[in-house]
Amino acid sequence: MTLPEHIAIIMDGNGRWASKRFLTRSAGHKAGGDNLRKLAERMNAEGFKYLTVYAFSTENWNRPAEEVRGLMSLMSDYIDRYIKDSKKNNMRICVIGDIGKLDQVLRDKIEHLTELTKNHQGMRITFAINYGSRDELVRAARKIAAAAGSGRLKPAEIDEKRFSSYLDTYDMPDPDIVIRTSGESRLSNFLLWQLSYSEFFISPKLWPDFGFDDLMEAVRSFNNRDRRFGRVDGSKA
């Protein structure tokens, strides 16, 4: 069975998981974070190469202020744990999104973690924090406009490859499969450009309950897909 090179996950259902147990939403987010650590470590041990997860979207700022503060505190705590365990698991940690809107302490921790793990050879796990795909595309368009305006880039030179080089994900392959938990089937402004030809897998499991066996169910489903990329029979002709 072939492992997808790059898996993207929309981790959905922490709040519903908590509600079913009469717990706070913060407790649900903590359970979700614990589950991600456990799953990522197992994926790293099994030889997966790239994992990108939707940790905090640009729209999540619209949630109640108390919940946002809790999410930021939780992210800070988990970054501390990833820093502590960085040598042991050898994973490379990266972040995409507009982290300039985060507080300075959290930005410093993120920059320290990414610098600390930049040469690690294990699985690359990328956290999308304060990320929205439309925001990413607008930021890329601004960079391209600035380059063209300064004469460093000619309009005729702008093609898909060049455009992709201005995106947050410029140095990684597009996801082969995107997994969304909790039974929802929308992208929610996640990697709109990069997921153009990705396979979709919708799991009814709430994110804290989504384990490695569920991940491998998605991998088996991926192996049964006929990825044509616009061709008729899947051939390269």
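## Sorting the residues

Ala, Val, Leu, Ile, Met, Phe, Trp, Tyr, Cys and Pro count as nonpolar; Asp, Glu, Lys and Arg count as charged; the others, Gly among them, count as polar. The model is predicted.

## The largest pocket

Start with the space itself. The largest pocket holds about 800 Å³. Its lining has 36 residues. Nearest the centre lie Met-11, Asn-14, Tyr-54, Ala-55 and Phe-56. By class, the lining has 19 nonpolar, 10 polar and 7 charged residues.

Helix H3 gives the largest share, 6 residues.

## The second largest pocket

Now the next one. The second largest pocket has a volume of about 320 Å³. Its lining is made of 19 residues. Cys-94, Val-95, Arg-124, Asp-168 and Tyr-170 sit nearest the centre.

Which element supplies the largest share of this lining? Strand E3 does, with 5 residues. E3 and H4 each supply at least two residues here.

How many residues of each class line the second largest pocket? There are 9 nonpolar, 3 polar and 7 charged residues.

Technical notes: Residues are numbered from 1 along each chain as its sequence is written. This is a predicted model: local features need pLDDT of at least 70, side-chain atom pairs count only at pLDDT 80 or more; totals for chains, interfaces and linings use all residues. Side-chain values use heavy atoms; hydrogens and water are left out. On a 1 Å grid over the protein atoms alone, a cavity is a set of points where a 1.4 Å probe fits but cannot get out, and a pocket is an open set with protein on both sides within 12 Å along at least five of seven lines; lining residues have an atom within 4 Å of a point. Grid points are joined across faces, edges and corners, and a volume is the space filled by probe spheres set on the points. Helices (H or I, at least four residues) and strands (E, at least two) are DSSP runs, numbered from the N terminus.
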